[in-house]
Every structure is written in structure tokens, then in C-alpha cells.
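Student: Please show me the model. Then take me through it chain by chain.

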Amino acid sequence: MFAAGLRETYIDIKKIAGVDTVSREHGKKIRKVIELFWKAKDRIIVDFSNLSIASPSFIDEAFAKLLLKYSLDAVKSKLSFVNMTDFDRALLNDLVMARIRERNLLEQTPKGRFKLAVKRNR
Amino acid sequence: MQVIFPKLSTIAYADTIIKNCANVQKTRDISTFVFEKTTFIDPFAITIIAGAIQGCLRTKNRKIAYIPPKDRKLKDYLSQIGFNSFFHINGKNIHKDTSVELTQLMALRPLYIEKLIILIESKMSLSKGMKDSLKMSLQELLINVFDHSRSNSGCFVCAQYYPNKMLIRLCITDFGVGILSTLKKKYKITSDIKAIKLSVEEGVTSRPQSAGFGLTHIRKFLKINKGVLTIISGRGKVDFYSNRVAEYNMAGAFEGTIVNLEINTNKKSLYFLTGEEDYIF
């Protein structure tokens, strides 16, 4: 499933998810795999094998939601996406921006900061 | 009881068609669906009428009758698209170059979506951006149906390509609880129109966790495409155009949700949401 390097690992979406790249539940499965490697690896390379995902639900749940738990710098340095279609890359960036906006809003209130802290410690 | 469908049975006559479909489901008499004078029917009308027929037939010993259109072309089209099979009439179900057969889905099936996209692509020449946008729209709409609608009959999907107008009409109809009923648990709203307008806003969801990007992205896509997104639920009907929003209070309520997309195929519409220079990944 994974070709692990020294401190680097590949996550092959096609191999893990097959055709299940549509719903939030499908996306959550991928996020769990990413989080499994989060501490142990310096770099997680997500390979899309030029699959067309075209699902905001899947992409948000798998990747963009990480921005609610980890800082943008941490996510940027840890994750890279290869063999991704232009459309999916556009979707990913748009959803990441939306999650950053959400995070900024949450950071403005005590209740929001508490929510973020709960996510960070989960 | 006879229900007569308009000459142009399209989303422009949503009120009449919805009222007809609600009336036949209320009565216990033999209901006759009359299409005698109908000359044109769009995916919206096809999906909602198919759902109404099925709703009637779910009642034991319920009888329905069908008076087909006099218009030969429309009669053949309804047969080919699989509409007649809902009346238990053997249709020809011939694949036409420009239509996607009426289908009832009972679960989110990724393979069906893939197949449908391949089918649409083979019948209608689409740019890559358009194909991806269409796939995104279809996936997100089906996710909404199966995550939120609580529909016992799943949903009805139908699409039609109009080559002369360079337009695709795609409609997904479910007979579930509707948007207001889903969102009012989390948001303080009381009207169907407000619920529909809220549902396309970023981050709006009935889920306990943050979500709600599906309809927002479809709206963004159709804005770029200069298409139209129409959502009907309860007594509300809202048309989202690229530059304006039109809302209507309908005379009769529709129990469920109808999402109708009008997509221009002459626009490349490659879906770049943020400028590439702003990309983080």
C-alpha cells in the first residue's frame, strides 16, 4: 500500500480508496491514514495517479480539514500532492482557503478557540 | 381524476406540474396522467412525474392510466428515455445520442456516477473542465440526497443535451424531508426560500461537524459558466443566475428537493476558483 522512504511516505489514493473518492466518509478514511503518518514522517506525498476526484466533500474531508487541526506551515511542509488534475488542484486550494477563513473566524472568539483546541488535542 | 400536463412541461411551469403531481398522490381514485397536448418535456418534469407515478403505485390496489402525447416525436422520446417503464409499459429504451436515461438511485454509487459521466461524455462533446464540473455537480447533489434527504425512494436523475442551444439540463429530484426541515434544526429559519438561499452559502450544513461546500461549488461553477441553478423545496423556488437571484413562492408545496442545472456547453469553464498565483498547493 505504501512505499515508505526514510522519513517520507507515499499515499496512493487509487490503491487505498479505489472508486470510493466521493463522500466525506471516503475522505475521512484518507485523512486517518495521513494522520497515522503525521508524527513519524517529515513528508507525506499524496499520489492521485491522475484520477479525477472532482468532489469537494472528499477533498475537504481528506485534506482541507487538516487546517483546523494543524497550522498552515505544518500542513504545507508535511504534505505534497502529485499527479493531481488541474481541476482537483483548484478545488483543493479553494477548500484550503475556505478552511483558513473558518479557522481565522474561530480564533476570534473564546468558544472558537476552544473548538480548535479540542480538534488539536484529538 | 385527470391531471393534464402543460403543452410545455418544463421547469418554467413548475407550479402547475408540482400541483398536478401532489394532487394525484392525494387521491385514491384512478388517476389519469394526460400528456395529450404536451409537445415538450424537460428533465425536471420527467423526474418529478416519474416520482409521482411511483408514489401512487406504492399504495396497494392503486390504479393509474396514461394518455401519451399526440406528438409522435415526444412519444418516442418518452419511450426511449425510460419514462414509460414507470407506467409499466414496455418502452424501447434506445440510447439516444443526446439524452441520459431516467434513473432511480437508491444509494450513492461511485461506479454509477463514473458510468454516467462516461455516458454523458460519449454523447455530448465536453471540454475537460466541463466534464469535471459536471462530475462534481452530480456527486455533490447525490451526496446531499443520501446524506440529508431521508427519502424512501432515493432520487430520480435525468439529463438532456440540446445541441442547438448548446445546453445541458440535468435534474435530480428526491421526495425526502426538504431543505427547510433539514436546516431548521441548526439555523433559525422559517421559510423555504430562506432555507434554499442559505443552503448554497459556504459552510452551511445540517451536519454536526463543519461541512457544506457542495452546493456552494456548484453555484460557483454555474456562475462562471453563466448557467442557471434552480432549487425547489417546499413552497420555495429559487433561480440562481450568474448575476442575479430570482425567488418565487409557489402555490403548492413540493415535499422533497429538486435541483435543476442548466449548463452552457459552449463555455470552456475550466474551474479555476482562486487564481493560480494564490495556490498554496
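Tutor: A residue is buried if 20 or more other C-beta atoms lie within 10 Å of its own, exposed if 12 or fewer, and partly exposed in between, with C-beta atoms placed from the backbone. This is a predicted model, where local features need pLDDT of at least 70, side-chain atom pairs count only at pLDDT 80 or more, and totals for chains, interfaces and linings use all residues. Residues are numbered from 1 along each chain as its sequence is written, and chains are lettered from A and ligands numbered from 1 in the order in which they are written.

Student: What percentage of the residues of chain A count as buried?

Tutor: Chain A has 122 residues. Apply the buried cut-off to them, and the share is 34%.

Student: In what order do the elements of chain A run?

Tutor: Helices (H or I, at least four residues) and strands (E, at least two) are DSSP runs, numbered from the N terminus. Chain A has six helices and three strands. From the N terminus on, they run β-α-α-β-α-α-β-α-α.

Student: What is the radius of gyration of chain A?

Tutor: The radius is taken over C-alpha atoms, and the globule rule is 2.2 Å times the number of residues to the power 0.38. For 122 residues the rule gives 14 Å, and chain A is close to that, so it is as compact as a globular protein of that length. Its radius of gyration is 14 Å.

Student: Are α5(A) and α6(A) parallel, perpendicular or oblique to each other?

Tutor: Axes are lines fitted to C-alpha atoms, for helices over the stretch in contact, and angles run from 0 to 180 degrees between N-to-C directions. Helix α5 (residues 86-106) of chain A packs on α6(A) at about 125°, with the axes 7 Å apart. Under 35 degrees is roughly parallel, over 145 roughly antiparallel, 65 to 115 roughly perpendicular, and the rest oblique. The pair is therefore oblique.

Student: Which residues of α6(A) meet α5(A)?

Tutor: Two residues are in contact if their C-beta atoms, placed from the backbone, lie within 7 Å. α5(A) brings A:Arg103, A:Leu105 and A:Leu106. Those in α6(A) are A:Gly112, A:Arg113, A:Lys115 and A:Leu116.

Student: Which residues does A:Lys119 contact, leaving aside its neighbours within four places in sequence?

Tutor: A:Lys119 lies in helix α6 (residues 110-121) of chain A. It has 16 C-beta neighbours inside 10 Å, so it counts as partly exposed. A:Leu68 is 51 residues away in sequence, yet 7.1 Å away C-alpha to C-alpha. The contacts are A:Leu68 and A:Lys69.

Student: Which element gives the most to the side of chain B that touches chain A?

Tutor: Here 27 residues of chain B are in contact with 26 residues of chain A. On the chain B side, α4 (110-123), α5 (128-149) and α8 (214-225) give two or more residues. With seven residues, the top contributor is α5(B).

Student: How many residues of α5(B) are buried?

Tutor: α5(B) has 22 residues and reaches 31 Å from its first C-alpha to its last. That is close to the 32 Å expected at 1.5 Å a residue, where the expected span is 1.5 Å times one less than the number of residues. The helix is largely enclosed by the rest of the structure, because its buried residues number 18.
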